[in-house]
Amino acid sequence: MNRSYEVIIIGSGFGGQLAAIHLKRRGIENFLMLERRDYMGGTWSQNTYPGAAVDVQSPLYSLSFEPYDWSQMFAGQEELRAYTQHVIDKHGLRQKTAVRSTVSKIEWDQQAQLWRIVVEGQEPYTAKFVINASGPLSTPVIPNFKGRDSFKGRAFHTNAWDHSFDYRNKRVAIIGSGASAAQVIPEIAPDVAHLHVFQRTPHWVLPRPDYVFKPWQRALLRKRWAYKALRILIYWVLEFRVLGLKYSKTLLDLLATRQARKNLEKQIPDEVLRKKVTPEFTIGCKRVILSDTLYPAYCRDNVSLHDKNDGIREITETGIVTETGQALELDLIVYSTGYDATDGVISYPVVGRDGRTLADFWADYPRAYLGTCAPGFPNLFVVTGPNTGIGHTSALFVIESQMKYIMNSIEQVKQGQHSVIEIKAEAEDRYTHKIHQEMARTVWQTGGCNSWYKSKSGKVIAMFPGFSFTFRRWASRFRKKDHSFDGDLV
Ligand SMILES: Cc1cc2nc3c(=O)[nH]c(=O)nc-3n(C[C@H](O)[C@H](O)[C@H](O)COP(=O)(O)OP(=O)(O)OC[C@H]3O[C@@H](n4cnc5c(N)ncnc54)[C@H](O)[C@@H]3O)c2cc1C
């Protein structure tokens with residue numbers, strides 16, 4: 001098998017798929033996509049937990065050039081997985097992918113001007129360019145609770161739901177109350193004997209404006225112009241949220257806080273419970289949950305909410321002992337405890353020019369020019385890198401914007417008959433400085449919460465601090481003077 005490629009893409013989620021499609025469009029066929037799982041597709045193939053669904057309207061949470069016959073406004077996981085497979089097959093990406101290929105390290109060979117890609121249990125690959133699309137929310141984290149491994153019942157993360165276990169009529173605990181938990185809880189609560197929810201911090205919850213498309217609407221949306229018009233409408237309605245998240249606290253109160261409080265009062269009559277689930281931080285600071293069913297699930301007799309005052313003291317062979325001394329007997333523990341998303345944006349070591357590692361460069365906090373490139377790491381592009389996250393709209397819009405920059409960069413190398421492109425240190429520094437200056441006024445920095453958007457440095461490194469069209473504009477214009485070619489820096 002060939003071990004040497006012009007481009008290696010790491011990860012086969014939407015990021016990897018988009019990179020592959022764009023390379024093909026530019027006539028670059030000499031590439032390979034590496035995927036650690038034994039199947040392709042990323043987020044929506046991996047997250048099969050009950051209730052999994054997108055929380056951005058599907059006509060927008062889809063590739064701009066690949067419309068789909070969605071059955072409802074917020075597609076569920078199975079439909080999203082089918083969409084992903086449709087994209088993979090339509091663009092012939094299966095033949096371009098090696099599954100069961102876990103990248104464990106990449107290293108720049110200065111002399112050969114190539115990346116060496118180490119894959120567990122295989123011969124290494126080499127490639128001129130590497131596009132890392134290993135996903136911002138792909139590597140699950142389970143905190144090391146005291147006694148965690150002693151539990152004799154079933155235990156798994158939402159990211160790896162074990163469907164062989166029948167949770168019906170079982171005693172279940174779910175640890176975490178964020179976006180995934182908020183989807184699992186209402187879905188399983190009616191079927192389990194008892195559900196204990198362990199909530200560290202409550203989230204703000206807004207109604208979910210879901211909608212099943214009628215047959216005539218689906219027929220209409222099969223017309224390109226109609227799909228596009230709906231997509232544009234959704235885009236601008238969502239983009240409007242940035243005004244509240246960044247520019248106007250009054251607007252945020254009017255648009256979101258009031259509605260969230262009303263929702264809370266309407267759906268949770270019990271004052272004690274309501275107090276437990278009322279956040280103390282500004283709405284938007286953590287990801288806002290869209291749900292009509294979460295609060296009613298909390299009100300069920302067979303659901304107990306344990307807040308931070310009644311957290312986990314210890315996990316035992318038979319269940320969980322809480323901070324207040326209650327011993328809960330359990331059959332299943334579901335970890336909805338999130339991902340290694342902030343300080344470990346890439347989960348394998350990256351060794352760049354002069355033996356410098358990306359972990360070293362990111363020792364203070366992760367940073368990158370357009371969230372994509374770092375000085376000292378030639379010909380390397382990171383999809384959904386630092387400060388490319390977007391809370392108010394579709395992540396796919398940002399990924400498609402990054403593709404413009406990545407493809408322009410590769411084009412520049414090819415057109416100029418160069419071997420190497422690298423972002424200049426001062427350009428990256430200027431960009432990062434601007435990002436954090438803009439961030440200072442956003443709700444993510446000032447909203448009084450501690451979220452996975454922040455790195456241990458206290459800087460918000462997950463989010464882009466502004467309108468998504470601003471990012472697209474920046475990513476679309478290639479600034480040649482910000483880059484060096486063929487190591488004219490070295
Ligand atoms: C449960 C959940 C719900 C979400 N909901 C939304 C939403 O509603 N709206 C939104 O905009 N975004 C949402 N997201 C964010 C979502 O991650 C992005 O929308 C998008 O799918 C990211 O695509 P990606 O290709 O960058 O990453 P992923 O889809 O995560 O794909 C990364 C791929 O890389 C592979 N990989 C990782 N490491 C390695 C390695 N070392 N070697 C080889 N392969 C590797 C992984 O196995 C995976 O297949 C959600 C994420 C999750 C987890």
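A residue counts as buried if 20 or more other C-beta atoms, placed from the backbone, lie within 10 Å of its own. By that count, 45% of the 490 residues of the chain are buried.

This is a predicted model, where local features need pLDDT of at least 70, side-chain atom pairs count only at pLDDT 80 or more, and totals for chains, interfaces and linings use all residues. Residues are numbered from 1 along each chain as its sequence is written.

Next, the overall fold. The chain has 15 helices and 20 strands (DSSP runs, H or I of at least four residues for helices, E of at least two for strands, numbered from the N terminus). The chain is as compact as a globular protein of 490 residues, because its radius of gyration, 23 Å, is close to the 23 Å from the globule rule. That radius is taken over C-alpha atoms, and the rule is 2.2 Å times the number of residues to the power 0.38.

Now the domains, whose bounds come from an automatic or database domain assignment. Domain 1 covers 4-40 + 93-139 + 341-489, and domain 2 covers 148-203 + 253-335. Their centres, over C-alpha atoms, are 34 Å apart.

Last, the ligand. What comes nearest to the ligand? Gly-11, Gly-13, Gly-15, Gly-42 and Gly-135 do, out of 34 residues around the ligand, where near means a C-beta atom, placed from the backbone, within 6 Å. Helix 1 (residues 14-25) gives the largest share of this shell, 3 residues.

Notes: A residue is buried if 20 or more other C-beta atoms lie within 10 Å of its own, exposed if 12 or fewer, and partly exposed in between; C-beta atoms are placed from the backbone.
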